[in-house]
Amino acid sequence: GDGARTHVVTVEHVLYSPRIRYLHHFLTPAECNHLITLAWPLFERKHLKHSRVTRTSTTATLSGASALDPIVRRVRSRIARFSGYADSLIEPLEVERYRQGQLYDAHHDFADVCNLESKVAGRRQVTFLIY
């Protein structure tokens, strides 16, 4: 069946403002393993434009051919259902890898509204963190 429609997720409201929800069992163990396997050869350092934030972790962006993977498409569909945004408006999935001692400084997923590049690309309204 369609895992995006039949997968059972329990929603726990952690905070109402800002809205933070914990979605228990959002991914199955098999989906997690598949995404890690798909991401493994794609990990690289991601450079942050115009930022004072330190990021020493590596990132694998699941776009291009990997975005066509059935599990990636299923996870994106599930994200679309829970976020209320169409799949076409969702950024590519990113898998983040942290080795011992690596970090990604505290930051906000908010672009400078005076930055033309950010206005063209659009502002991120929702961030999904999957552990």
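Colleague: Which elements are included in what covers the buried residues of α2?

Modeller: This is a predicted model, in which local features need pLDDT of at least 70 and side-chain atom pairs count only at pLDDT 80 or more, while totals for chains, interfaces and linings use all residues. Residues are numbered from 1 along each chain as its sequence is written, and side-chain values use heavy atoms, with hydrogens and water left out. Helices (H or I, at least four residues) and strands (E, at least two) are DSSP runs numbered from the N terminus, and contact means heavy atoms within 4.5 Å. What covers the buried residues of α2 includes β3, α3 and β4 (93–97).

Colleague: Within what arc do the buried residues of α2 fall?

Modeller: Buried means under 20% relative accessible area, exposed over 50% and partly exposed in between (1.4 Å probe, protein chains only). The buried residues of α2 are Glu31, Leu35 and Ala39. They line one face of the helix, because the directions from the helix axis to their C-beta atoms fall within an arc of 65°.

Colleague: How many residues lie between β1 and β2 in their hairpin?

Modeller: Strands pair if DSSP finds at least two bridges between them; β1 (residues 10–16) and β2 (residues 19–24) do so in the antiparallel sense over 6 bridges. In the loop between β1 and β2 lies proline 18, joined to serine 17 by a cis peptide bond with omega of about -5°. The number of residues between the two strands is 2.

Colleague: Which side chain of opposite charge is nearest to aspartate 69?

Modeller: Aspartate 69 lies in the loop between β3 (58–62) and α3 (70–83). Although buried, aspartate 69 has no salt bridge, that is, a side-chain nitrogen of Lys or Arg within 4 Å of a carboxyl oxygen of Asp or Glu. Lys and Arg count as positive and Asp and Glu as negative, with His and the chain ends not counted. At 7.9 Å, the nearest side chain of opposite charge is arginine 74.
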